[in-house]
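This report looks at how the copies of a chain are arranged, how they touch, and how one chain is built inside. Please keep the structure open while reading.

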Number of protein chains: 2
Amino acid sequence: MKILLVICDGMADRPAGALKGMTPLEAAEVPNMDRLAREGQTGLMDVIAPGTVPGSDTAHLALLGYDPREVYTGRGPFEAAGEGVEVRKGDVAFRCNFSTVDGKMNVTDRRAGRISKGTHELAAAVNGMKIEDVQVIFKEGVDHRAVLVLRGPGLSPKVTEVDPHHEGKVLISKALAPEAEKTARILNEFTRKSYEILSKHPVNLARAKEGKAPANIALARGSGSPPEVPSFSEHHNGLKGTAIVGISLVRGLCRLSGLDVPDVKGATGSTDTDVQAKAEAAAAALKTHDFVLLHFKGPDLYGHDGDAPGKAAFIEKIDAAISGFVALDNTIVCITADHSTPCSVKDHASDPVPLLVWGKGLRHDLTDCFSELEAASGGLGHIRGHELMGMLTGLAGRNPKFGA
Amino acid sequence: MKILLVICDGMADRPAGALKGMTPLEAAEVPNMDRLAREGQTGLMDVIAPGTVPGSDTAHLALLGYDPREVYTGRGPFEAAGEGVEVRKGDVAFRCNFSTVDGKMNVTDRRAGRISKGTHELAAAVNGMKIEDVQVIFKEGVDHRAVLVLRGPGLSPKVTEVDPHHEGKVLISKALAPEAEKTARILNEFTRKSYEILSKHPVNLARAKEGKAPANIALARGSGSPPEVPSFSEHHNGLKGTAIVGISLVRGLCRLSGLDVPDVKGATGSTDTDVQAKAEAAAAALKTHDFVLLHFKGPDLYGHDGDAPGKAAFIEKIDAAISGFVALDNTIVCITADHSTPCSVKDHASDPVPLLVWGKGLRHDLTDCFSELEAASGGLGHIRGHELMGMLTGLAGRNPKFGA
């Protein structure tokens with residue numbers, strides 16, 4: 001049996017006033033999810049642990065079968081891999097912003113006037129430098145975003161950030177452990193050098209002429225090293241997987257785990273994504289892979305905006321898109337969320353997420369639709385995120401017997 | 001309060017086509033189990049962990065209150081104890097087959113023509129030898145089966161098997177850790193010597209004359225050492241227990257745990273067992289012991305055969321047999337399975353097992369019959385196998401207060 005894991009980012013919610021006290025999932029018309037819930041089983045999942053508010057990266061680590069409390073050090077490596085930068089064991093990676101500072105290293109604009117052009121040239125000017133025996137890899141992302149990878153001996157992700165997260169003085173990175181002294185020193189030197197190089201760069205000189213804020217420094221945060229874990233395939237008895245996902249952070253995390261992460265035309269990682277194209281890509285991938293992760297960012301974005309009706313409508317779009325291929329005889333389907341993003345909170349919350357598992361010949365339960373409410377008494381009970389993959393590979397008959 | 005734990009081996013299942021989409025337990029008429037479910041509580045149990053496919057040995061270790069992920073090394077010691085061979089701390093034990101090899105050590109029949117006579121003499125010829133400073137204990141089991149125990153200093157169960165598991169060359173045992181080099185060497189020498197001795201043995205010379213495959217080698221697999229754990233009684237606050245069980249592997253495991261394991265006339269460990277005699281033995285044992293484990297292998301065997309109606313019928317037999325004594329005022333009754341053996345899978349599966357707990361004066365829940373479906377929303381929730389005994393001794397008022 002193959003496995004299709006549909007992750008509706010941030011889908012789980014709380015009762016919304018705008019939906020007469022229903023959650024977006026309850027309010028949405030989702031005949032396909034409801035059918036799978038009726039024929040299969042549902043439950044609730046604490047993606048990390050009860051009370052823990054998951055980030056997108058820690059949540060997806062858990063959903064791929066790793067315990068983020070043991071292996072996660074920071075978002076940097078996933079961001080870097082998401083931008084197509086190779087990240088190796090021992091590297092320390094960061095998410096960066098192109099920002100604007102004045103001559104006294106005060107940040108006046110954290111996003112450098114939301115710069116959208118010329119960042120490739122700026123990144124190229126910083127990329128490739130060497131500080132002590134450490135190689136600097138730097139690459140632009142979308143708009144003001146960029147990633148930094150430090151490669152060399154004796155590095156550690158245990159350093160504080162240089163990005164102050166608001167206007168104010170650029171911070172000096174400090175080591176949080178003795179083994180991170182070198183990394184903090186290199187990062188501070190990189191920050192200084194980025195100012196030295198970028199402030200004189202023709203792109204910024206031109207921006208100054210146009211009255212735009214110069215992107216004259218690169219500010220790092222979210223330091224991390226790639227988790228020292230077996231690959232997804234090694235971790236799950238040779239399961240060969242692919243991920244259909246638009247958003248860069250999750251793309252990078254899946255790629256670092258060893259999943260194939262193809263580009264899908266029209267997949268934007270936002271609410272304007274081509275939901276149908278992604279569903280079709282997942283259906284095609286199921287023909288060549290044993291495991292397909294299909295990810296939709298939309299519900300989370302509506303949650304952050306507090307737009308419950310918009311969230312319900314996007315969930316309906318997902319349901320319609322997957323209708324064509326979800327109930328295959330040879331495929332176990334799991335639909336869930338990576339975390340709750342309640343519209344009333346406008347941010348991630350620790351509430352557990354609903355979970356649905358369907359497969360031909362598997363057990364069913366007494367649930368007859370897919371919602372937070374029904375899932376609370378579903379047959380799958382309450383599980384933890386890092387147990388999900390093992391449960392699915394078990395149901396798919398892919399786990400070896402333990403003992404005789 | 002005393003405790004009766006009824007284990008219906010492999011009883012848990014999935015919807016079966018032959019039973020109109022019901023599981024065997026759902027389809028079976030089990031008025032006694034249904035009454036206990038109605039008056040008591042049910043739940044689901046991941047015997048080892050979600051997604052883990054239990055073996056019979058690891059499952060029973062968990063049900064006796066030990067975590068097999070921490071203490072299990074292999075089936076050998078349980079097989080040996082099941083054949084009445086004493087297994088001590090530091091011993092390494094194996095399950096063996098009498099097999100037939102040609103002069104080039106190619107296995108031509110793994111079961112030596114399913115030999116059924118003369119194995120006592122063959123085993124006696126191999127038993128008692130000394131290799132280096134290691135004593136060899138070897139005993140025949142039923143038909144082609146036998147057990148091997150190595151006793152001496154510096155042994156380790158971390159060795160590969162010599163049994164190729166199909167026709168082909170006898171394997172050379174290799175150490176999986178440096179401390180197992182000696183054990184691998186001894187095992188290889190034992191294998192060679194068993195051929196040397198058995199190939200010339202009168203029993204085999206006679207077999208050759210009759211055109212039968214000689215049992216001319218002993219091939220070991222399933223190496224293990226006895227778990228280094230407190231006895232069942234020490235582990236459960238002095239609980240004195242007995243196990244009514246026919247199948248050798250589970251008999252050995254219970255015996256090694258320190259339970260009494262009486263012989264019951266008519267108990268075969270198969271589908272032809274005297275269910276009534278076992279139930280009566282359990283009822284009698286409850287008069288002298290605080291804890292009685294009553295085990296029925298039948299449901300598992302029907303599961304392996306894919307015979308859902310046969311499995312349902314055997315479950316009905318169990319229900320009828322226990323009717324006379326289950327609802328005693330002074331006894332907590334727990335009925336469950338050691339793992340799922342779905343008829344559609346014909347092997348063990350990771351699906352959780354239904355669990356029923358009844359006791360006079362204890363809580364009840366909203367469940368009104370005993371089935372996988374109802375248990376999924378029962379009052380006991382979802383527990384792990386190794387937590388069961390503690391829950392039962394707790395309900396029986398046998399656990400000390402933790403704290404003040």
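The model is a predicted one. Chain B can be laid on chain A with an RMSD of 0.1 Å, using a turn of 121 degrees and a shift of 0.0 Å along the axis. The two copies are thus related as by a three-fold rotation axis. Within chain B, the C-alpha nearest that axis belongs to S377(B), at 3.5 Å from it.

The contact between the two chains takes 29 residues from chain B and 23 residues from chain A. On the chain B side, strand 3 (53–54), helix 3 (56–63) and helix 14 (372–375) each supply at least two residues. Helix 3 of chain B gives the most to this side, with 3 residues. Only 10% of the interface residues of chain B are also interface residues in chain A, so the copies meet through different surfaces.

Strand pairing also crosses from one chain to the other. Strand 15 (residues 401–402) of chain A and strand 3 of chain B run parallel and are joined by 2 bridges. F402(A) has P54(B), in strand 3 of chain B, as its bridge partner.

Chain A is divided into domain 1 (2–72 + 228–395) and domain 2 (78–224). Their centres, taken over C-alpha atoms, are separated by 33 Å. Each domain of chain A puts 9 residues into the contact between them. On the domain 1 side, helix 10 (residues 248–256) of chain A gives the most, with 7 residues.

The table lists the residue classes for two of the contact sides described above.

Which residues of helix 6 (residues 119–126) of chain A are buried? They are T119(A), L122(A), A123(A) and V126(A). These residues cover an arc of only 95 degrees around the axis, which puts them on the same side of helix 6 of chain A. An α-helix has 3.6 residues a turn, so residues three or four places apart point the same way. The elements of chain A that cover the buried residues of helix 6 include strand 3 (92–101), strand 6 (134–140), strand 7 (145–151), helix 7 (181–198), helix 8 (202–209) and strand 9 (217–224). Just after helix 6 of chain A, G128(A) takes a positive phi of about 90 degrees.

Key:
Residues are numbered from 1 along each chain as its sequence is written. Chains are lettered from A and ligands numbered from 1 in the order in which they are written. This is a predicted model: local features need pLDDT of at least 70, side-chain atom pairs count only at pLDDT 80 or more; totals for chains, interfaces and linings use all residues. Copies are superposed by least squares on the C-alpha atoms of residues with pLDDT of at least 70 in both. Two residues are in contact if their C-beta atoms, placed from the backbone, lie within 7 Å. A residue is buried if 20 or more other C-beta atoms lie within 10 Å of its own, exposed if 12 or fewer, and partly exposed in between; C-beta atoms are placed from the backbone. Helices (H or I, at least four residues) and strands (E, at least two) are DSSP runs, numbered from the N terminus. The arc is that of the directions from the helix axis to the C-beta atoms. Domain bounds come from an automatic or database domain assignment. Two strands pair if DSSP finds at least two bridges between them.
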